[in-house]
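This report describes selected features of one protein chain, shown below. It takes up charged pairs, strand pairing, backbone geometry and a helix in turn.

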Amino acid sequence: MKLKTKLTLGVGLLFLLIVLLSVIGSVYINKLKSDTEKILTANYNSLEFSKNMLLALDHIDTDSAVAVADFQKNNRLQEKNLTEFGEKEATQNLNLHFSSYLKEPSSNKEKLIREDLAKIMSLNMKGIERKSDIAIITAGNATFWIVSLGTVCFLIAFILLFNLPQTIAEPINQLTFSIRQIADKNYNERVHFKGSEEFNSLADSFNVMAEKLQEYESSNLSKQLMEKKRIETLVNNMHDAVIGLDENHFIYMINDEALKITNLHKEDIIGKTAHEVAVNNDLMRELLKNIDHPVKEPIKIVRENKENYFEQDIVPINIVKTGEKEKKYIGKVILLRNITPFKELDFAKTNFIATISHELKTPISAIKMGVQLLGNQKFGELNEQQQELLKSINEDGQRLLDITSELLNLSQVESGNIRLTVEKCSPKEIVLAAVKNVEKLAEQKNISIHTSYQLEDTDFVTADFDKTVWVMNNFLTNAVKHSFQDEEIRIVVEKMDAFIQFNIIDTGSGIDEKYHRQIFDRYFQVPGEHQNGTGLGLAISKNFIEKQNGEIGVSSALNNGSTFYFRLPIA
């Protein structure tokens with residue numbers, strides 16, 4: 001018989017008996033509990049009520065009102081606890097006799113009351129005796145079945161205890177010894193089991209493995225060395241710096257690019273801990289400082305009198321050893337990706353945008369001034385078509401001027417040259433300044449702007465007044481553009497913990513929730529809308545607010561309008 005079959009039969013039978021034992025035990029225990037509860041909740045309570053009524057009857061002469069009330073209280077409780085045969089009639093007789101006694105007290109009536117109470121107590125005492133006998137019988141049956149099944153379980157477990165360990169342990173010990181021999185490269189070791197089919201099959205598989213290992217021992221070593229050399233060459237020719245650390249932070253690998261940027265020598269650091277090397281190396285010290293939480297900002301390294309930028313990445317190394325299932329941590333790899341060419345292109349783009357924007361601003365302003373002079377008709381009357389043309393030129397010029405201003409702001413943000421004048425500002429003044437800037441735009445669509453201040457006059461924010469007005473102006477302009485004719489825009493300024501929040505609420509078409517995360521990205525515009533901007537306003541607003549230690553966000557849904565908000569610290 002197979003070992004698996006033996007184990008299944010023995011353990012399965014033992015399991016079934018244990019389950020049966022548990023079920024029988026639970027049934028009898030619940031039955032005993034039920035019998036006990038019946039005694040306590042029914043008969044015991046009736047005895048207690050009868051005793052209290054006897055005591056009350058004894059005190060009727062000395063303290064009639066209290067004793068009568070106590071008697072009647074216990075009598076009502078007794079009427080709700082009628083569980084024995086004949087108890088109802090006895091209780092009814094008690095009520096009749098007590099009512100008669102209250103009308104005309106006499107010793108004979110008192111005697112009848114005491115007899116009624118004695119009868120109630122007698123009935124409940126007999127009930128207790130009867131239920132106790134039932135409980136004793138139940139306990140006896142439970143003991144019999146539990147002892148019987150427990151004995152059978154013990155015998156089966158005893159047999160398994162003395163047979164199974166020997167049956168399993170002996171082949172395992174032999175196999176363990178043989179495995180150790182194989183681990184010591186003694187590939188001539190073989191095992192031969194006598195017994196179950198499973199162990200015979202295991203022995204055959206082990207012997208085949210030993211033969212294969214013996215066959216591959218001589219042929220695979222040179223191949224493995226070649227693979228190792230190939231991997232080392234590949235890593236050394238990477239343009240990214242690679243530093244390998246084991247689980248204890250010992251350096252076991254470093255490629256040529258990493259040696260160049262760290263100004264280290266391979267023979268001086270291999271086998272040492274990264275912390276030892278970091279004592280005399282600033283770059284290694286910076287890398288270790290961020291090893292658990294890599295920084296998102298590029299690391300600047302000056303090499304050969306040139307600024308180089310590297311992006312740090314930490315890759316944990318986990319492997320599953322042969323014969324195991326769980327992953328084991330064996331170290332990590334520090335990668336430094338050279339992003340200098342991309343950074344140079346980014347700087348060039350930012351400088352180009354800043355230069356072009358600055359150069360365009362002057363001629364565009366001159367064009368707008370010329371349009372305004374023509375509009376004043378100082379140089380002659382204009383017909384209706386000419387006025388429409390001037391209006392169109394003026395609008396396009398203003399749009400170009402807005403775009404150049406946004407591009408200039410963007411170049412300042414990207415280059416880090418943004419300058420903030422943070423001071424104590426009045427929220428109301430910020431709102432009034434922004435509303436004044438968009439009044440004419442709102443009038444074109446007959447849109448009203450309502451403001452609500454849920455704060456004190458003494459509440460101020462710490463902010464750059466001009467930048468904050470720019471952000472609110474951007475929010476209001478967007479709200480006007482996306483609102484329908486004759487609608488209203490609400491501005492709600494409220495105090496929230498250590499911040500003051502500015503909410504701009506419109507009733508426009510709203511923004512789908514899936515675009516909320518992208519809405520503050522540069523150049524992003526919600527698909528399907530009339531695109532007449534650069535997609536930079538919200539990105540610049542986000543940067544302005546976050547530079548002032550504030551927060552910015554949006555709450556919106558399709559066809560339900562939008563609420564753009566930002567909050568700044570209270571001064």
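Does E84 count as buried or exposed, and on what relative accessibility? The model is a predicted one, and in it E84 has a relative accessibility of 11%. Because the limit for burial is under 20% relative accessible area, E84 counts as buried.

## Salt bridges

A search of the whole structure finds nine salt bridges. In one of them the side chain of E84 meets that of R130, at 3.1 Å from N to O. E84 lies in the loop between helix 2 and helix 3, whereas R130 belongs to helix 4 (residues 107-183), so the pair ties together parts that are 46 residues apart in sequence. R130 is partly exposed, with a relative accessible area of 43%.

A further salt bridge is formed by the side chains of K428 and D457, with an N to O distance of 2.8 Å. K428 is in helix 12 (residues 427-444) and D457 in the loop between strand 7 and strand 8; the pair therefore ties together parts that are 29 residues apart in sequence. With a relative accessible area of 29%, K428 is partly exposed, while D457, at 62%, is exposed.

The side chains of E546 and K542 also meet in a salt bridge, at 2.8 Å from N to O. Both residues lie in helix 14 (residues 537-547), four residues apart, which is about one turn of the helix. E546 counts as partly exposed at 40% relative accessibility, and K542 counts as partly exposed at 28%.

In general, side chains of opposite charge can pair when their charged atoms come close.

| Salt bridge | N to O distance |
|---|---|
| E84 and R130 | 3.1 Å |
| K428 and D457 | 2.8 Å |
| E546 and K542 | 2.8 Å |

## Strand pairing

Strand 10 (residues 499-506) is mostly covered, with seven of its eight residues buried. Strand 10 pairs with strand 9 (residues 488-496) in the antiparallel sense over seven bridges, and F499 of strand 10 is the bridge partner of M496. Strand 10 also pairs with strand 12 (residues 562-569), again in the antiparallel sense, over eight bridges. In that pairing, R567 of strand 12 is the bridge partner of Q501.

Which strand is joined to strand 12 by six bridges? It is strand 11 (residues 551-556), and strand 11 and strand 12 run antiparallel. Here E551 stands opposite R567 in strand 12.

## Residues with positive phi

Most residues other than glycine have a negative phi. The following residues take positive values.

The hairpin of strand 9 and strand 10 has two residues between the strands, and within this hairpin D497 takes a positive phi near 55°. D497 is placed in the loop between strand 9 and strand 10 and is exposed, with a relative accessible area of 77%.

N446 has a positive phi of about 55° although it is not a glycine. N446 is found in the loop between helix 12 and strand 7, and at 51% relative accessibility N446 counts as exposed.

In the hairpin of strand 11 and strand 12, five residues lie between the strands, and N559 takes a positive phi near 65°.

## Helix 13

How far apart are the end C-alpha atoms of helix 13? Helix 13 (residues 465-481) has 17 residues, which at 1.5 Å a residue should span 24 Å; the end C-alpha atoms are 24 Å apart, so the two values agree. At the start of helix 13, the backbone nitrogen of D466 has a side-chain oxygen of D464 within 3.2 Å. The buried residues of helix 13 include V469, V471, M472, F475, L476 and V480. Among the buried residues are also K467, T468, N474 and T477.

## A nonpolar surface patch

F15, L16, V19, V23 and V27 make a nonpolar surface patch of about 470 Å². One of these residues, V27, has its place in helix 1 (residues 3-58).

Notes. Residues are numbered from 1 along each chain as its sequence is written. This is a predicted model: local features need pLDDT of at least 70, side-chain atom pairs count only at pLDDT 80 or more; totals for chains, interfaces and linings use all residues. Side-chain values use heavy atoms; hydrogens and water are left out. The expected span of a helix is 1.5 Å times one less than its number of residues. Buried means under 20% relative accessible area, exposed over 50%, partly exposed in between (1.4 Å probe, protein chains only). A polar contact is a pair of N or O atoms within 3.5 Å; within protein, one must be able to donate a hydrogen and the other to accept it, and residues adjacent in sequence count only if both atoms are side-chain atoms. Patches are made of residues with over 30% relative accessible area and no salt bridge: like charges are joined within 9 Å, nonpolar side chains (Val, Leu, Ile, Met, Phe, Trp, Tyr) within 5 Å. Accessible areas come from the Shrake-Rupley method with a 1.4 Å probe; for residues, only the protein chains shown count as cover. A salt bridge is a side-chain nitrogen of Lys or Arg within 4 Å of a carboxyl oxygen of Asp or Glu. Two strands pair if DSSP finds at least two bridges between them.
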